[in-house]
Amino acid sequence: MTDSVYDVIIVGAGPAGLAAALYSSRDRLTTLVLEKLVPGGQIATTNRIENYPGIIQIDGPGLIEQMQKQTESFGAEIKTSSEATKLEKLPNGNIVIYCDEDKFTARTVILAPGSSYRKLGIPGEEDFRGSGVSYCGTCDAPFFEGKDVVAVGGGNTALEETLHLTKYARKVTLIHRRDEFRATKVLVEELKRKTGEPNSNLIIKYSMVATAVQGKGGVQSVRLKDVKTGREQDYPCEGVFIFVGMEPNTGFLKGFAKLTEKGFVKCDCAYLRTSVSGVFVAGDCRIGATMQLATAVGDGVVAAMMLKEYLRDPNWWHKPVSDILTPGGW
């Protein structure tokens, strides 16, 4: 517990949170970052990153280590093993963040708790995560160029990512537990056109579920089960992409900030203002997030820059975006 009032408290030490902390601390704002585990978030489990501008290749832990050192060099305080459990807006405008037995107070807050990939929970999934099992085709498809992969899912993201995989993999097998997809009609039509092309590298298997990821030293097959007959088979592949949705880490915000039905933080996507004055949002936990490293970092920068406007003039918070963008505005 501390009686200090920080200029900004950032919830989450992933790429969005660390980028925000870098900008705010460099602007000489007293900055505290609260992280429930250790810095990094999902990117810390990534073995290879090659789509971050300016860096040809780096691993997730290496990137986070550099970001953390850079942020701390400007005076930001990073407190690990501190999970935010509740936020409270005080009458004087400050915000209190409760973490188990501790509580911290700030003039502004940036929410950057990220989101978690929804998992299948099958044997081998966690063992091969980051080394054969992926949850992001946009991120990892190039690593599987010329290889056979299996994709799992049936929603819009699953179909979009599967079509992206076909540009790289030798063969893509999409499995879906139902007889039809729940994605939008236009995506389903595009997927089916792809399967009908001469020498198509896309196969669809309906009424199938994955029950295990298998291999030694790398993914070699996935165990598939026919949900109608119960029959199982080992299906050879070198990678498994799981596209069954995202879960934002926002349970602690219920009753404080406005969330979507799925738990994503509602915000003004131009300046990342939430429904609570003085509270911004950045990264994968917000509506409209693209779930990419570079855009998460960009969100953190935007949020940190916008909170300065609020600190200069609290009335700025209530200005509509159209007014801010008019000539002579911010």
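I began with helix α4 (residues 156–165) and α5 (185–196), whose axes come within 10 Å and cross at roughly 30°. Axes here are lines fitted to C-alpha atoms, for helices over the stretch in contact, and angles run from 0 to 180 degrees between N-to-C directions. Helices (H or I, at least four residues) and strands (E, at least two) are DSSP runs, numbered from the N terminus. The model is predicted, with local features requiring pLDDT of at least 70 and side-chain atom pairs pLDDT 80 or more, while totals for chains, interfaces and linings use all residues. Residues are numbered from 1 along each chain as its sequence is written, and side-chain values use heavy atoms, with hydrogens and water left out.

I noted the crossing of α4 and α5 as left-handed, a term that applies if the near helix is turned anticlockwise from the far one by less than a right angle, with right-handed used if clockwise. For the contact (heavy atoms within 4.5 Å), I listed N156, L159, E160, T162 and L163 from α4 against L187, V188, E190, L191 and K194 from α5. I sorted these residues into 5 nonpolar, 2 polar and 3 charged. In this scheme Ala, Val, Leu, Ile, Met, Phe, Trp, Tyr, Cys and Pro count as nonpolar, Asp, Glu, Lys and Arg as charged, and the others, Gly among them, as polar.

I turned next to helix α1 (residues 15–26) and helix α2 (residues 60–73), where the axes come within 9 Å and cross at roughly 25°. This makes α1 roughly parallel to α2 (angles under 35 degrees are roughly parallel, over 145 roughly antiparallel, 65 to 115 roughly perpendicular and the rest oblique). The crossing is left-handed. I found P15, L18, A19, A21, L22 and S25 of α1 meeting I64, M67, Q68, Q70 and T71 of α2. The tally for this contact is 7 nonpolar, 4 polar and no charged.

I then followed α1 to helix α6 (residues 293–312), against which α1 packs at about 35° with the axes 7 Å apart. Here α1 passes α6 in a right-handed crossing. On the α1 side I recorded P15, A16, A19, A20, Y23 and S24; on the α6 side, L293, A296, V297, G300, V301, A304 and M305. These residues divide into 11 nonpolar, 2 polar and no charged.

For the strands, I traced an open antiparallel sheet of 3 strands in the order β12-β13-β14. β12 (208–214) and β14 are at the edges with a single partner strand each, so one side of each has no neighbour in the sheet. Neighbouring strands are turned by 30° against each other on average, direction ignored. Strands count as paired if DSSP finds at least two bridges between them. I counted 6 bridges between β12 and β13, with A212 partnered by R223 in β13. Strand β13 (residues 221–226) and strand β14 (residues 232–236) pair over 5 bridges, and V222 has Y235 of β14 as its bridge partner. In their hairpin, with 5 residues between the strands, G230 takes a positive phi near 80°.

F181 lies in the loop between β10 (171–176) and α5, and Y206 in strand β11 (residues 202–206), 25 residues apart.
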